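Let's take a friendly walk through a protein model. Please have a look at the picture and the sequence before reading on.

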Amino acid sequence: FFFKQKTAYEIKECDWSSDVCSSDLTGFSVAQVESEGYPITFKLYSEGALIYTKSVTSRTPFRLPPGRGYDWEFEVSGAHEIFNVVIAQSMQEVASA
């Protein structure tokens, strides 16, 4: 299971939050942010609480900390257009997204 948010419009020089993704799975372990430039700040929320923040400096997928939850959200912010954000349970899911 993975959650992918592909933008249908520019996300540029702003803060943006995803919709809530509810999953019976315990959590996500990998994320990827595709942008025209970096850094981009990525924040992950579980059950409405901030659990992880990272300054993303490239398109390379990155590991998320272990965590459990049912309701997941993410937030991205920066000064560059963001094309795609993926959170997944494995690197293989990110590659297939």
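Predicted model: local features only at pLDDT ≥ 70, side-chain atom pairs only at ≥ 80, totals over all residues.

The report below covers confidence, paired strands, aromatic rings and the nonpolar core.

Residues are numbered from 1 along each chain as its sequence is written, and side-chain values use heavy atoms, with hydrogens and water left out.

The pLDDT is the predictor's confidence in each residue, from 0 to 100. The protein averages 80, and 76% of the residues score at least 70. Contact here means heavy atoms within 4.5 Å.

## Strand β5 and its partners

Strands are DSSP runs of E with at least two residues, numbered from the N terminus (helices would be runs of H or I with at least four). Two strands pair if DSSP finds at least two bridges between them. Strand β5 covers residues 40–46. It runs antiparallel to β6, with 7 bridges joining the two, and β5 also pairs with β8 in the antiparallel sense over 7 bridges. I40 shows both sides of this arrangement: its bridge partner in β6 is V56, and in β8 it stands opposite G78.

The hairpin of β5 and β6 has 2 residues between the strands, and E47 takes a positive phi near 55° there. How many residues of β5 are buried? The count is 5 of its 7, so the strand is mostly covered; buried means under 20% relative accessible area, exposed over 50%, and partly exposed in between, with a 1.4 Å probe and protein chains only.

## Aromatic rings

A pair of aromatic rings is described by the distance of the centres and the angle of the planes. Rings of Phe, Tyr and Trp (its six-membered ring) pair if their centres lie within 6.5 Å; planes under 30 degrees apart count as stacked, over 60 as edge-to-face and the rest as tilted. By this rule there are 3 aromatic pairs. F28 and W72 form an edge-to-face pair, 5.5 Å centre to centre with 85° between the planes. F28 lies in the loop between β3 and β4 and W72 in strand β8, so this pair ties together parts that are 44 residues apart in sequence. Both F28 and W72 are buried.

The rings of F42 and F74 have centres 6.2 Å apart and planes at 20°, so this pair is stacked. Because F42 lies in β5 and F74 in β8, the pair ties together parts 32 residues apart in sequence. F42, F62 and F74 form one aromatic cluster. The charged end of K54 sits over the ring of F62, 5.4 Å from its centre; this term asks for NZ of Lys or CZ of Arg within 6 Å of the ring centre and within 35 degrees of the ring normal.

## The nonpolar core

A nonpolar core is a set of buried Ala, Val, Leu, Ile, Met, Phe, Trp, Tyr and Cys residues joined through side-chain atoms within 4.5 Å. The largest one has 17 residues, and those with the most contacts inside it include F42, L44 and F62. β4, β5, β6, β8 and β9 each supply at least two residues of this core.

Leaving aside neighbours within four places in sequence, L44 is in contact with several residues, among them A49, L64, W72 and I87. A49 is found in strand β6 and, at 38% relative accessibility, counts as partly exposed.
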